[in-house]
Amino acid sequence: MALVEVQVPDIGDFDEVTVIELMVKVGETVKADQSLITVESDKASMEIPSSTAGVVKEMRVALGDKVKQGSLVLVVEAAGAAAAPASPVAAPAAASTSPGMASPSPSMASPSPVIASEARQSSAAPAAPASSASSGPVQVFVPDIGDFKDVVVIEVMVKPGDAIKVEQSLITVESDKASMEIPSSHAGVLQELKVKVGDKVNIGDLLAVLEVQRSALSVERETVSAAVPASSPPASAKTPAMPSLASSSAPALNSERPTLNAPQGLPHASPSVRKFARELGVPLEEVNGSGLKGRITADDVQTFTKAVMSGAAQTKAQAAKAPVSSGGDGAALGLIPWPKVDFAKFGPIERKEMGRIKKISGANLLRNAIMIPAVTNHDDADITDLEAFRVSTNKENEKSGVKVTMLAFLIKACVAALKKYPEFNSSLDGDALVYKNYWHIGFAADTPNGLMVPVIRDCDKKGVLQISAEMSELAKKAREGKLSPAEMSGATFTISSLGGIGGKYFTPIINAPEVAILGVCKSTMEPVWDGKQFVPRLMLPLSLTWDHRVIDGAAAARFNAFLGQILSDFRRVLL
């Protein structure tokens, strides 16, 4: 075993960057090239890797410390060949062997050779006439940003029409270990931006087109670029445009940082934390940072996620989806404002906040009710014989503990109808219809917390007894608030049953992206004419609501009639 000092590697031609995040602590086991700390200059943040694997014995830096190449970061207890001491010279080489660590070392070290190449080219290039003044478009390319590919554009800092200064930051890009701002190689007016947020760029990619006024004031840039044809993107990219990490310290480029027209909205967080937030779908701009200078840490992201999942907090996107009845004013729909009434002036009141489930389902119901042109067909199904069969089945299977309900028969009947009329088992996708070759049926469950819709999958492959057992289990989990998201997703058709509560007919709201829903009320004994006389029959009210963009009235009438035939003679399911 040996103690090895891990130092800051070559991070470019500047010194004294600030430590803004400690990513390990004493006692932890670290791997070679694992990120140890995050440091930040005025234009970029980067993670410093370990050159050695082992156990952290001592931290030599703290938040807020200033470090530079060769500064001692920590002491690691290493074993065997891994115990070779790291030095400022060896550190960049070690880092460059790791694909994930290309950005901190090569991208920071690359400015020096670029500066040298500019000097060589400028000495060989003819001087541009200082007296000539003209204007024209100039292309700006991604400069040499290190030995790695496909960095992602995470922020666009300018827009067409903006006046751009030399070395003004245009975009921010990010690798898995570092983020950096890409500056402009010329001054001018931005005519066209060739990239957008989410694009992946490499050295030499066309970034922007500027309208440049060439004059004696731009001689220093012209002398550099004159040696390289404008039609050669890679050479242009590596010549006038400097990596932003070095631009803040290179003497020739040490100009005042320009005021940007873009919002100062990039969250103050390290690349690894931003990646973590993206994986969880967390909007970083809404997270309060607890780190140095308000920096967002991984713990902050986790705390925010837990708060949203528990209902203690809402994202702005969630708040925007809140239903009108929960306080929205309808302005987004072009409606007159929702009435504001002081109910207390008319008499005693009691105010209770709506539950989380009702708030969420309310937003979906409002969207579906407004956006879907829904029509409802009402009909009755004779279930006299089916009810008798259900009762006898329960008696025969009394010992099994599985109680068969009419809803289980309805699910099997609906699958048969959906197979005969497949448009009812489809979904709209733009101007196309997606026909699903699976039959997952959702059923509305009334719970103390509000309406929930568990889903029984592959109902075409299951018998009535299996469906009854699954339905009982899912309903219990719904009442206990233990349903998982997977158990409430993927339905192709939904049944909303009021069971034995009462009512005759109603108009259920379609559960998008489904295109139909069946409403069922309490069955009643009614006199039905059989051609000779009135006989008592048990009739089940059916209310089929359908999306008129997908289904027409004739198809809906046929679906309801076929469903009624199956329920009156369940042997038709076998056909």
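Which residues of α10 are buried? The views below take up this helix and other parts of a predicted model. Local features need pLDDT of at least 70 and side-chain atom pairs count only at pLDDT 80 or more, while totals for chains, interfaces and linings use all residues. Residues are numbered from 1 along each chain as its sequence is written, and side-chain values use heavy atoms, with hydrogens and water left out.

**View 1. The helix α10 and its buried residues.** I357, G362, A363 and N368 are the buried residues of α10. Buried means under 20% relative accessible area, exposed over 50%, and partly exposed in between (1.4 Å probe, protein chains only). These buried residues pack against β22 (450-452); contact means heavy atoms within 4.5 Å. The 16 residues of α10 should span 22 Å at 1.5 Å a residue. The expected span is 1.5 Å times one less than the number of residues. The end C-alpha atoms of α10 are 23 Å apart, which agrees. Helices (H or I, at least four residues) and strands (E, at least two) are DSSP runs, numbered from the N terminus.

View 2. V341, F343, F346 and I349 make a nonpolar surface patch of about 460 Å². V341 sits in the loop between α9 (316-320) and α10 (356-371). With a relative accessible area of 39%, V341 is partly exposed. Patch residues have over 30% relative accessible area and no salt bridge; nonpolar side chains (Val, Leu, Ile, Met, Phe, Trp, Tyr) are joined within 5 Å, like charges within 9 Å. A salt bridge is a side-chain nitrogen of Lys or Arg within 4 Å of a carboxyl oxygen of Asp or Glu. Areas come from the Shrake-Rupley method with a 1.4 Å probe; for residues, only the protein chains shown count as cover.

**View 3. The β18-β19 hairpin.** Strands β18 (residues 426-429) and β19 (residues 432-435) run antiparallel, joined by four bridges. D429 has A432 of β19 as its bridge partner. Two residues lie between the strands of this hairpin. G430, in the turn, has a positive phi of about 70 degrees. Two strands pair if DSSP finds at least two bridges between them.

**View 4. An open sheet of four strands.** The order is β1-β8-β6-β3, with antiparallel pairing. Its edge strands, β1 (2-7) and β3 (29-30), each pair on one side only. Two bridges join β3 to β6 (residues 54-59). T29 has V55 of β6 as its bridge partner.

**View 5. The chain as a whole.** The chain has 14 helices and 27 strands. Of its 575 residues, 44% count as buried.
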